[in-house]
Amino acid sequence: MAEIDILVGTVYGSAMLVAETLSDHLQAEGHVCRIFDEAELEDIDASRFLLLISATTGQGDIPPNLLPFASSLADRAPYMKGWRYALIAMGDSSYEHFCGAGRQLDGLLQELAAEALVPRLEIDATVEDEPEVAAMAWLKTWENKL
């Protein structure tokens, strides 16, 4: 079974609800999960699978609690080759920078040669009243790859 670090960028708590829901499911399946709501890159073990869940704030910005991690990624060297991850971007499509935080994080990880196990999930608050339901459906399509 996999060991998974779940990093959460949250503003109002929806991203944390998604993280807790997925963590509960994954642990019930025998995986080991750690949730970080204020992670720094040094906290993350490259041998563990990385699941990022981020809300978007302001003008497509990364939530303040995830900024130290994102800043470390932006300054990262050497590359993160061998790191595996999946990412959920949360946002509201009525705003110009829909899912901007998740898109930025995904771009940073790809630039550093981390491997996305599956394409990023984008959850639109104008469509999904229960983002944890959409996230769980997405997870179930690929969790067997862990």
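I began with Glu122, which at 28% relative accessibility counts as partly exposed. I note at the outset that the model I consulted is predicted. I then looked up the partner of Glu122 and found a salt bridge with Arg120, with the closest N and O atoms 2.9 Å apart. Arg120 counts as partly exposed as well, at 31% relative accessibility.

**Entry on the salt bridges**

How many salt bridges does the structure hold? I recorded six. As background, side chains of opposite charge can pair when their charged atoms come close.

I went next to Asp5. Its side chain meets that of Arg34 in a salt bridge, at 2.8 Å from N to O. Asp5 belongs to strand β1 and Arg34 to strand β2 (residues 32–36), so this pair ties together parts that lie 29 residues apart in sequence. Is Asp5 buried or exposed? I found Asp5 buried, because its relative accessible area is 1% and the cut-off for buried is under 20%. Arg34 counts as partly exposed, at 33% relative accessibility.

Asp5 also forms a salt bridge with Arg48, where the closest N and O atoms are 2.6 Å apart. I noted that this pair links distant parts of the chain: Asp5 sits in strand β1, whereas Arg48 sits in the loop between β2 and β3, 43 residues apart. Both Asp5 and Arg48 are buried.

I returned to Arg120 and Glu122, the salt-bridged pair with 2.9 Å between the closest N and O atoms. Elsewhere, salt bridges with shared partners join Glu3, Asp5, Arg34 and Arg48 into one network.

**Entry on Arg84**

I located Arg84 in strand β4. Arg84 is partly exposed, with a relative accessible area of 29%. Which residues does Arg84 touch, not counting those up to four places away in sequence? I listed Arg48, Phe49, Leu50, Glu115, Leu117, Lys145 and Leu146. For one of these, Lys145, I looked at the atoms involved: the side chain of Arg84 reaches the backbone oxygen of Lys145 at 3.4 Å. I also checked Arg84 against Ile4, which is 80 residues away along the chain; their C-alpha atoms are separated by 10 Å.

**Entry on Glu143**

I placed Glu143 in the segment after α4 (131–140). Glu143 is buried but has no salt bridge. What does the side chain of Glu143 meet in a polar contact? I found the side chain of His25, at 2.9 Å. Leaving aside neighbours within four places in sequence, Glu143 is in contact with His25, Leu26 and Glu29.

**Entry on the nonpolar cores**

I closed with the nonpolar residues. The largest nonpolar core has 28 residues, of which Leu22, Leu51, Ile53 and Ile88 touch the most other members. At least two residues of this core come from each of β1 (3–9), α1 (14–28), β3 (49–54), β4 (84–91), β6 (121–124) and α4. Which element gives the largest share of this core? I recorded α1, with six residues.

I followed the contacts of Leu22. Residues up to four places away in sequence aside, Leu22 touches Leu51, Ile53, Ile88, Ala135, Met136 and Leu139.

Terms used. Residues numbered from 1 in each chain as written. Predicted model: local features only at pLDDT ≥ 70, side-chain atom pairs only at ≥ 80, totals over all residues. Heavy atoms only, no water. Helix = DSSP H or I, 4+ residues; strand = E, 2+ residues; numbered from the N terminus. Buried < 20%, exposed > 50% of the residue type's maximum accessible area, 1.4 Å probe, protein only. Lys, Arg positive; Asp, Glu negative; His and termini not counted. Salt bridge = Lys/Arg side-chain N within 4 Å of Asp/Glu carboxyl O. Polar contact = N/O pair within 3.5 Å; in protein donor to acceptor, adjacent residues only side chain to side chain. Contact = heavy atoms within 4.5 Å. Core = buried A, V, L, I, M, F, W, Y, C linked by side-chain atoms within 4.5 Å.
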